[in-house]
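Me: I would like to go through this structure with you, one region at a time. Could we begin once it is on the screen?

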Amino acid sequence: LRILLLHGNDLTIIFGLSEKSIFFANRLRESWKNGEEPASILFVPDETDNALLANLERDGWPYRTDSTARYPRTRFLRSLGIWEGDDNRKITLYALSREENLNRQYTAKLLESLQKSEIPAENLSLTIYTTNVADISKLQALKNRYGYTDVNPFDSHSLTARLLTIEYPVYNTIRFNEKGLAEQDVDIVIAGFGSTGQAVLRALTRNGQFEGSKFHAAVFAPQIYSIAGHFFTVYEELCSSYSIDFNEYDARSMEASEYVREHATTLKYVVACTGDSERDWEIIRAYEKILGKHCEQILLLICGKGTVTRVGSGSNLDIVTDIWRNETLNASIADRAAKAVNASYYSAEDGTPEELWRSCTPFSRESCRAAADFTRAYCRIAGISEKDAAQGAWDLDDELLENLSKTEHLRWNAFHRSMGWSLMSDEEFTQRAEIYRFERMKYGKPLIRIAKNETDRHHACLV
């Protein structure tokens, strides 16, 4: 009966069975009660776990473990009431298996069947757990290529770092004057530099640049250069362009403790993300004693795998937030603001925001997401509400507008560097200019942009 009921609404398939995926499905059900459009949900377990299957039964979720569901073909779609050319139902896939290869295989196989069934690409949405974002880009609908139109690839480390900067933005930790200039510097301590610590540093650096302030971060982790060699190679320009101290000391060491004490009056942000929850709490509790009364002016945070905890000071309670939310994982919802940012670069005649999003490269989508996440910072700096900003009620004098523009350029630079981009050499710029002129003469339209080399991640405007 539960399977038959799937034939009505839009369809959501959750591939991968775990406590987290069940928890997420229950969160989706709660969001429907708050007015969001309901969808039919089907679980396709990636493994047989009788205890977890019993939890699905307990919570009332339909599931299928047959080979037709696990290796989805057109027959699987028809069994769910999706027929050839069906353009009425939206199909959302959450590929949440802990095995990344299984996620990629299932996603590709389902897409193949959807294409054979002639399901419109604009009706398809994908959220997939993977650390290889580049490998997923081939599944994205792009211009005339069939694929999922909304694609949200994530790993728990990067998404946790993004959640951190959305829930506890750096701009809320400093003051700005009426001309849009920051009146305080950004001073951050990060304890731990594994995958989460690296993602946190990248996120805070790109969201912590403001005209009028200096950015500084201190990272503490033993054997930091031994465990994070990839980071220093890929993000070389990020490390060299900003004031970031990498310290090969444990965050509980005398050296780290002295640093925290000396910076007690300037610190804005302390993040513990060692990968060990007990150690993270030990670090934060020790820093609380060192900082004393200054704790009230400092954000003390713990980043776990998929969770962010704000440690309460005084009478304030701890606050725990996690990534397993519809507005975080659902690609269609999470990218609404990013689509609006992308559309702002075009005229209405160029297409709808959805159509323009389809022509966006994976990197351009990341850029639009970063710009959308930072929009609230401009509201704070300019002293206007988000509602007024959305209605276009920006009343900016020339000096305020100039300083907002400078902050935007600082943010843009930091975003590119946090994505592994570096400054284009004069020699490369000259070579690309020659290629540009040749292509324009031969084809009438150049195939490259002079100042932007997306393949090698070089840009001439990173100044």
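Me: What is the strand order in the open sheet of 3 strands?
Reply: This is a predicted model. In it, the open sheet of 3 strands runs in the order β13-β15-β14, and its pairing is mixed. The edge strands are β13 (422-423) and β14 (452-453), each of which pairs on one side only.

Me: How many bridges join β13 to β15, and do they run parallel or antiparallel?
Reply: There are 2 bridges between β13 and strand β15 (residues 458-459), and the two strands run parallel. As for a specific pair, S422 has H458 in β15 as its bridge partner.

Me: How is β9 joined to β10?
Reply: Strand β9 (residues 269-272) and β10 run parallel and are joined by 4 bridges. Y269 has L299 in β10 as its bridge partner.

Me: Which residue takes a positive phi in the hairpin of β10 and β11?
Reply: That residue is G306, whose phi is near 95°. The hairpin has 3 residues between the strands.

Me: What about β11 and β12?
Reply: β11 pairs with strand β12 (residues 319-322) in the antiparallel sense, over 4 bridges. T309 has V320 in β12 as its bridge partner.

Me: Which strands does β1 pair with?
Reply: β1 pairs with strand β2 (residues 39-44) in the parallel sense over 6 bridges. β1 also pairs with strand β3 (residues 91-95), in the parallel sense over 5 bridges. L11 illustrates both pairings: L11 stands opposite S40 in β2, and its bridge partner in β3 is I91.

Me: Is S21 buried or exposed?
Reply: S21, which lies in helix α1 (residues 19-33), has a relative accessible area of 1% and is therefore buried. Leaving aside neighbours within four places in sequence, S21 is in contact with I14, G16, F43 and L96.

Me: And R358, buried or exposed?
Reply: R358 lies in helix α17 (residues 353-358). Its relative accessible area is 19%, and R358 therefore counts as buried, the cut-off being under 20%. Not counting residues up to four places away in sequence, R358 touches A121, E122, A141, L142, K143, R145, T149 and R365.

Me: Now helix packing. How do α18 and α21 pack?
Reply: Helix α18 (residues 362-373) and helix α21 (residues 398-418) pack at an angle of about 135°, and their axes are 11 Å apart. The two helices are therefore oblique to each other. α18 passes α21 in a right-handed crossing.

Me: Which residues meet there?
Reply: From α18, F363, E366, S367, A370 and A371 meet R411, F415 and H416 of α21. By class, this contact has 4 nonpolar, 2 polar and 2 charged residues.

Me: What angle do α19 and α21 make?
Reply: Helix α19 (residues 375-382) packs with α21 at about 150°, with the axes 11 Å apart. Therefore, α19 and α21 are roughly antiparallel to each other. The crossing in which α19 passes α21 is right-handed.

Me: Which residues make that contact?
Reply: Y378, I381 and A382 in α19 meet L400, L404, T407, E408 and R411 in α21. These residues divide into 5 nonpolar, 1 polar and 2 charged.

Definitions and conventions:
Residues are numbered from 1 along each chain as its sequence is written. This is a predicted model: local features need pLDDT of at least 70, side-chain atom pairs count only at pLDDT 80 or more; totals for chains, interfaces and linings use all residues. Side-chain values use heavy atoms; hydrogens and water are left out. Two strands pair if DSSP finds at least two bridges between them. Axes are lines fitted to C-alpha atoms, for helices over the stretch in contact, and angles run from 0 to 180 degrees between N-to-C directions. Angles under 35 degrees count as roughly parallel, over 145 as roughly antiparallel, 65 to 115 as roughly perpendicular and the rest as oblique. A crossing is left-handed if the near helix is turned anticlockwise from the far one by less than a right angle, and right-handed if clockwise. Contact means heavy atoms within 4.5 Å. Ala, Val, Leu, Ile, Met, Phe, Trp, Tyr, Cys and Pro count as nonpolar, Asp, Glu, Lys and Arg as charged, and the others, Gly among them, as polar. Buried means under 20% relative accessible area, exposed over 50%, partly exposed in between (1.4 Å probe, protein chains only).
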